[in-house]
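Subject: Structure handover

Hi,

Here is the structure we talked about. Please open it alongside the notes below.

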Amino acid sequence: MSVDHAQLKSLMDIIGRDTLSRVKQSYFNDSQAKLVSLKTAIEEHDLYQVEQLSHSLKSSSSNLALSTLASVFAHMESDASQGQAENLSNLYQSAVDEYGQAIAELDTLI
């Protein structure tokens with residue numbers, strides 16, 4: 001399960017389905033560009049950018065109840081901040097795979 005259903009229900013109760021749908025669309029648009037930038041940063045071994053982008057994606061994913069995805073980005077952020085680049089490509093692939101699942105699941109719920 002990619003989406004924390006209890007957290008998503010709380011969000012929906014607080015801000016409503018229409019607003020949550022707009023937030024989801026904004027997340028999708030923003031995260032697409034950041035994922036491309038993240039891939040480039042990993043390929044260029046720019047650990048500062050990897051850390052910054054992973055942090056941003058972690059936070060926005062967490063805010064939208066995408067807890068598994070947020071966890072992958074947190075791991076990437078931590079590795080980049082500690083100068084550990086060797087696993088970033090694998091983590092990126094895990095993030096991309098999880099992202100697809102999370103968005104699909106979110107689409108069925110909102």
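First, a term: buried means under 20% relative accessible area, exposed over 50%, and partly exposed in between, with a 1.4 Å probe and protein chains only. This is a predicted model, in which local features need pLDDT of at least 70, side-chain atom pairs count only at pLDDT 80 or more, and totals for chains, interfaces and linings use all residues. Residues are numbered from 1 along each chain as its sequence is written, and side-chain values use heavy atoms, with hydrogens and water left out.

Helix H5

Helices are DSSP runs (H or I, at least four residues), numbered from the N terminus.

Buried residues of H5 include Leu-88, Leu-91, Tyr-92, Ala-95, Tyr-99 and Leu-106. Two glutamates, Glu-98 and Glu-105, are buried as well. Seen down the axis, the buried residues of H5 fall within an arc of 165°, so they line one face of the helix. The arc is taken from the directions from the helix axis to the C-beta atoms. On the other side of H5, Asn-90 and Thr-108 are exposed. The cover over the buried residues includes H1 (5–15), H2 (17–43), H3 (47–63) and H4 (67–81).

Leu-109 is also in H5. Its relative accessible area is 25%, so Leu-109 is partly exposed. Contact means heavy atoms within 4.5 Å. Neighbours within four places in sequence aside, Leu-109 is in contact with Val-3, His-5, Leu-8, Met-12 and Arg-17.

The core

A nonpolar core is a set of buried Ala, Val, Leu, Ile, Met, Phe, Trp, Tyr and Cys residues joined through side-chain atoms within 4.5 Å. The largest one has 30 residues. Leu-38, Leu-66, Phe-73 and Met-76 touch the most other members. H1, H2, H3, H4 and H5 each give two or more residues to this core. H5 has the largest share, 8 residues. Beyond four places in sequence, Leu-66 touches Ser-2, Val-3, Tyr-27, Ser-61, Ala-102 and Leu-106.

Ser-31

Is Ser-31 buried or exposed? At 1% relative accessibility, Ser-31 counts as buried. Ser-31 lies in H2. A polar atom of its side chain is 3.2 Å from the backbone oxygen of Phe-28. Neighbours within four places aside, Ser-31 contacts Leu-57 and Tyr-99.

Best wishes

Conventions: Polar contact = N/O pair within 3.5 Å; in protein donor to acceptor, adjacent residues only side chain to side chain.
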